[in-house]
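The chain is shown below.

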Amino acid sequence: MRVFVGLTLTHNGATKLHMLGNGATAFETNNNKKYQSFISYSRSDAAFANRLHHDLETYKIPKSARLSGGISRLSPIFLDRSDLAAGGSLSRHIEEALANSQALIVVASPAAKASKWVAKEIEIFRSLHPRRPILVALVQGTSESAFPTALKAPGYEPIAADFREGGDGRRLALLKLVAGLACIPLDSLIQRDAKRKLRRVMWVTVFAFSLVLLATSLMIMAVRAQHQAERQREKAESLVEYNLKDLRENLYGTGQLSIMDEVNRRTLAYFQEQDQSELTDTEKDLRTRILQYFVQDEEDKGNLRKALDIAEFSLRESKRNFDYDKKNARHIYVLAQSNYAVGHVNFLQRRYSAAGAYWEEYARLAQVLVAIDPGSEKWWLEEAASKILLCRLSVVDRSYKIGERFCDVKVTSYEEDIYNRHPGDAHNFSYLSEDFVWIGLHYIQSGRYDKAYEVLMKASVLADRVYSDHDVVSLRAKWHSEQSMSEYFFAIGNRSRAIGHARIALENINKMIAIEPRNIQWKKYKKETDSLLSEM
């Protein structure tokens with residue numbers, strides 16, 4: 001469904017920001033007015049207001065997203081850069097600008113709430129233009145601490161574009177304001193904006209991947225041109241899947257979020273360029289898996305709200321594919337991965353009950369895959385992964401009991417057997433090391449210290465076996481094994497050894513952050529280790 005960010009009148013004539021369906025109009029445009037909008041802000045937020053003013057005035061609305069007769073730019077936008085006098089009234093030029101503005105944007109923060117000038121600007125604008133929109137850019141605080149009292153008139157409930165860290169993200173928040181000012185469907189604007197950014201991005205660091213993708217695309221086009229449809233297309237799909245999984249897995253070890261972003265975007269762009277009605281079921285599943293990689297990267301950047309939106313969209317897409325053929329193992333696998341992705345975002349948000357529901361469904365689907373093909377190593381690994389997730393959940397949230405029965409080394413036995421038969425992929429042993437860590441932590445919690453030490457030593461040996469201080473997957477495994485060893489020795493009262501392991505853990509997490517300082521999840525890991533050291 002396409003959605004407009006718009007406004008409506010309440011019973012007392014105030015304006016209200018809300019979501020409108022297809023065909024609705026957000027507000028009437030009066031082309032005789034001088035300013036597209038007026039930015040009201042506290043002087044404490046001047047730096048943000050100046051940046052917002054620049055971003056809005058320079059943003060070019062995609063032609064394909066404009067409504068009939070719609071504007072291409074949002075300029076001019078009024079921003080007063082002079083200091084207000086100490087008197088009790090606004091200057092004449094500000095009042096004139098308010099009278100000649102199509103909309104009002106309030107930069108909301110605790111300082112703005114305390115500002116009498118911001119309050120006066122809101123009151124004057126509302127009295128002059130009761131039917132014109134008031135949009136809110138939330139930069140600090142909460143709606144209670146940051147929204148000026150003048151915004152909270154009876155019957156008026158503004159919705160803000162959330163510019164705070166961990167909120168909408170600067171780009172999405174800006175697009176919300178653009179959509180509201182230009183009366184454009186928000187989802188349409190996001191899609192057009194994303195496509196436009198894709199066309200501009202040219203990263204040298206993914207040059208090798210671009211060549212592989214180009215070769216794959218040329219092969220697919222050649223196959224179609226020669227009308228060797230089904231057999232050749234299956235080969236092309238397999239190559240795309242190989243590039244998607246193996247190339248990304250190798251690049252993931254570099255830890256560079258910019259590379260991951262570009263790999264995802266270019267691969268997704270390939271599918272977007274195809275005729276969607278002609279995509280095979282396999283291609284639809286591959287497209288959904290790309291979205292799942294987007295989720296992982298947004299998690300690493302700390303954009304959990306955006307990650308959840310993408311994960312839930314991926315889940316809807318995979319359910320749609322699954323409904324066409326419920327016995328298709330590929331569809332089941334992609335649906336299982338989508339349930340994992342939604343559950344993992346909820347887990348990071350500490351919504352453990354919701355995470356458990358999605359991960360239990362993931363485990364159920366993994367069991368279905370094993371039942372379909374009991375000889376598949378891949379499906380056995382999926383089942384093991386789902387069980388370790390539930391073990392992990394029971395360790396973090398002790399009220400979640402269902403995972404306790406999976407916190408046993410028997411769960412990892414066939415994982416280890418399979419990986420030992422295929423020793424070429426070092427990352428697999430890093431992941432196995434972390435699986436042992438969660439089982440070891442469960443044994444610590446249950447007071448079974450001998451079992452805990454035995455399992456954590458296996459985790460440590462595996463982490464050391466594939467250790468590389470240039471590969472973030474192995475660095476994370478080393479951090480995790482050393483951190484858990486520290487917790488073990490701390491639990492049994494050996495403070496000096498606990499501190500030693502914690503310091504090694506800190507050294508490894510610092511190496512990861514040095515490789516990619518923008519990774520928010522790694523910074524959270526560092527806080528865990530710092531907190532552990534402070535307790536000692």
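Two residues are in contact when heavy atoms of theirs lie within 4.5 Å. Counted in this way, 67% of the contacts between residues at least 6 apart in sequence join residues at least 24 apart. The model is a predicted one. Its chain has 536 residues, of which 52% are buried, and its secondary structure comprises 21 helices and 7 strands.

**Sheet and packed helices**

Five of the strands form an open sheet with parallel pairing, in the order β4-β3-β5-β6-β7. Strands β4 (77-78) and β7 (160-162) are at the edges; each has a single partner strand, so one side of each is without a neighbour in the sheet. Within the sheet, β5 (residues 104-108) and β6 (residues 134-138) run parallel and are joined by 5 bridges. In this pair, Ala 108 is placed opposite Leu 138 of β6.

| Helix | Strands touched | Angle with β5 |
|---|---|---|
| α1 (residues 46-58) | β3 (37-40), β4, β5, β6 | about 145° |
| α4 (residues 116-128) | β3, β5, β6 | about 155° |

**Nonpolar cores**

In soluble globular proteins, nonpolar side chains tend to be buried together. Which residues touch the most other members of the largest nonpolar core? They are Val 295, Phe 347 and Cys 391, in a core of 66 residues. Helix α13 (residues 329-348) supplies the largest share of this core, with 10 residues. Leaving aside residues up to four places away in sequence, Cys 391 touches Gly 403, Phe 406, Cys 407, Trp 438 and Ile 439. Another core, of 30 residues, lies apart from the largest one; Ala 49, Tyr 59, Phe 163 and Ala 179 are among its members.

**Rings and charges**

There are 13 aromatic pairs in the model. Ring pairs connect Tyr 340, Phe 347, Tyr 352, Trp 359 and Tyr 362 into a cluster.

Lys 378 lies over the face of Tyr 333, 4.3 Å from the ring centre. The charged end of Arg 465 is placed over the ring of Phe 429, at 3.9 Å from its centre.

Methods
Residues are numbered from 1 along each chain as its sequence is written. This is a predicted model: local features need pLDDT of at least 70, side-chain atom pairs count only at pLDDT 80 or more; totals for chains, interfaces and linings use all residues. Side-chain values use heavy atoms; hydrogens and water are left out. Two strands pair if DSSP finds at least two bridges between them. Helices (H or I, at least four residues) and strands (E, at least two) are DSSP runs, numbered from the N terminus. Axes are lines fitted to C-alpha atoms, for helices over the stretch in contact, and angles run from 0 to 180 degrees between N-to-C directions. A nonpolar core is a set of buried Ala, Val, Leu, Ile, Met, Phe, Trp, Tyr and Cys residues joined through side-chain atoms within 4.5 Å. Buried means under 20% relative accessible area, exposed over 50%, partly exposed in between (1.4 Å probe, protein chains only). Rings of Phe, Tyr and Trp (its six-membered ring) pair if their centres lie within 6.5 Å; planes under 30 degrees apart count as stacked, over 60 as edge-to-face and the rest as tilted. A charge sits over a ring if NZ of Lys or CZ of Arg is within 6 Å of the ring centre and within 35 degrees of the ring normal.
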